[in-house]
Amino acid sequence: MEDPFRVRVTVRGYELDTQGHLNQAVYLQYGEHARWECLRAAGISQQRLLAGGVGPVALEVTLRYLSELRGGDEVDVSCAFRWGEGKTFRIEQDYTRPDGSPVATLTGVGGLLDLSARRLVPDPRARFRELATDPTPLGL
């Protein structure tokens, strides 16, 4: 299996809570950023999704904190799509320091919403493959 897609983020001061830690909600934003960058690396922009009449949706997210991040710290956020059968797929994301030490993990269940029917598309893997110019970052 190939290494998952990764993006590096530097923690900004305005993202900190009153204890000087990265605010818990910002971890979710970093995960979202990594997912969008992964899609972009596959050639799938938001405009391309909209033109295709679909949009990704998060159905479930679990975030586990392992160590703190503070202002100026760098964190690598991975993004690995895990395809199965049916209308949903899993996403696994690891947050690690540049030295590889773990910071957090995010696991989620996603789908691809048909924007006209307001229902999940039956085979998101096939639809993403159609939309991608390079399906490799998506594990396809």
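Student: What relative accessibility does Arg97 have, given that this residue counts as partly exposed?

Tutor: This is a predicted model, in which local features need pLDDT of at least 70 and side-chain atom pairs count only at pLDDT 80 or more, while totals for chains, interfaces and linings use all residues. Side-chain values use heavy atoms, with hydrogens and water left out, and residues are numbered from 1 along each chain as its sequence is written. Buried means under 20% relative accessible area, exposed over 50%, and partly exposed in between (1.4 Å probe, protein chains only). Arg97 counts as partly exposed because its relative accessibility is 22%.

Student: Which residue meets the side chain of Arg97 in a salt bridge?

Tutor: A salt bridge is a side-chain nitrogen of Lys or Arg within 4 Å of a carboxyl oxygen of Asp or Glu. For Arg97 the N to O value is 3.3 Å, and the partner is Asp73.

Student: Which residue forms a salt bridge with Arg8?

Tutor: The closest N and O atoms of this pair, formed by Arg8 and Asp76, are 2.7 Å apart.

Student: How many disulfides does the count come to?

Tutor: A disulfide is a pair of cysteine sulfur atoms within 2.5 Å. The sulfur of Cys38 has its closest cysteine sulfur in Cys79, and at 4.1 Å the two are too far apart for a bond. Cys38 is buried at 0% relative accessibility, and Cys79 is buried as well, at 1%. By the distance rule, the number of disulfides is zero.
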